Amino acid sequence: MPVIAIDGPVASGKGTLARRLAAAMNFAYLDTGSLYRAVASLILERGSDPNDSVVAAKVADGFTADDINRHDLRDEKVGQAASIVAANQEVRKSLLEFQRNFAKTPPNNHLGVVLDGRDIGTVVCPDAEIKLFISATPEVRAKRRHKELLDRGDASIYARVLEDLRERDERDRNRDTAPLRAAEDAVTLDTSDMDANKAFEAAKSLVNERLSL
Ligand code: CDP
């Protein structure tokens with residue numbers, strides 16, 4: 001089962017790229033950030049603190065695929081809480097099996113999978129055929145996220161988005177368990193000066209080359 005692992009920091013465009021690659025290849029797609037966001041959303045709904053590691057571990061233990069359909073997953077406050085629960089080792093352990101199962105036996109008999117996140121190439125699928133690390137400057141990424149929020153009809157202030165993004169990146173990069181980093185055998189794609197089409201073309205030619213298509 002060919003696996004395409006796509007990692008990168010907040011709003012690097014990895015989700016858009018992963019979704020387009022999966023559609024083009026007819027591969028199954030898993031946005032692994034939505035798992036951490038789902039756990040965060042469940043914790044916030046209970047009125048609990050995402051820093052409470054016992055509660056977070058318990059909620060993650062009860063995670064099911066249905067939780068990915070929760071409506072508030074893309075909210076900024078859920079993203080921040082997701083990055084807090086994602087530093088919890090027990091939470092990561094609970095969600096790891098779901099991700100590996102998806103990669104091994106994707107739904108609907110797809111012939112390959114695309115997973116995006118922070119530790120796909122390093123921890124979840126270290127044997128992935130293709131590993132991409134998507135980067136862009138914090139300012140470019142904040143601009144993209146700001147636009148995404150405004151397009152959704154949410155209130156958004158650019159300076160606040162940039163601050164939140166730096167805070168979340170910092171936490172994701174410096175945590176002890178599965179920190180955000182490029183795998184040694186990953187190809188880094190700096191998309192600071194690329195639009196979504198250009199990033200897709202660059203990634204697609206790498207995939208074609210690696211899978212000899
Ligand atoms: O879309 P965005 O880049 O804002 O974030 P996301 O991919 O939805 O991930 C939300 C949070 O989940 C991240 O800030 C990480 O802390 C965490 N995450 C992780 O630790 N490992 C993954 N494989 C995916 C997400």
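Which element gives the most to the shell around the ligand? I put this question to a predicted model. I found that α2 does, with three residues.

**Entry 1: the shell.** I listed 19 residues around the ligand, of which Arg37, Arg92, Arg145, Arg168 and Asp172 come nearest. I then sorted the shell by class and recorded 10 charged, five nonpolar and four polar residues.

**Entry 2: the site.** I checked where the ligand sits and noted that the space it takes is the largest pocket. Two or more residues of the shell come from each of α2 (33-45), α4 (76-85) and α8 (158-174).

Entry 3: I looked up three side chains. For arginine 37, a polar side-chain atom lies 2.6 Å from an oxygen atom of the ligand. For lysine 14, the distance from a polar side-chain atom to a ligand oxygen atom is 2.9 Å. For threonine 32, an N or O atom of the side chain is 2.9 Å from a nitrogen atom of the ligand. I also looked up the cover: on its own the ligand has 530 Å² of accessible area, and the protein covers 98% of this.

**Entry 4: arginine 141.** I placed this residue in helix α7, which spans residues 138-151.

Key:
Residues are numbered from 1 along each chain as its sequence is written. This is a predicted model: local features need pLDDT of at least 70, side-chain atom pairs count only at pLDDT 80 or more; totals for chains, interfaces and linings use all residues. Side-chain values use heavy atoms; hydrogens and water are left out. A residue is near a molecule or strand if one of its heavy atoms lies within 4 Å of it. A polar contact is a pair of N or O atoms within 3.5 Å; within protein, one must be able to donate a hydrogen and the other to accept it, and residues adjacent in sequence count only if both atoms are side-chain atoms. Accessible areas come from the Shrake-Rupley method with a 1.4 Å probe; for residues, only the protein chains shown count as cover. On a 1 Å grid over the protein atoms alone, a cavity is a set of points where a 1.4 Å probe fits but cannot get out, and a pocket is an open set with protein on both sides within 12 Å along at least five of seven lines; lining residues have an atom within 4 Å of a point. A molecule sits in a cavity or pocket if more than half of its atoms lie within 2 Å of its grid points. Helices (H or I, at least four residues) and strands (E, at least two) are DSSP runs, numbered from the N terminus. Ala, Val, Leu, Ile, Met, Phe, Trp, Tyr, Cys and Pro count as nonpolar, Asp, Glu, Lys and Arg as charged, and the others, Gly among them, as polar.
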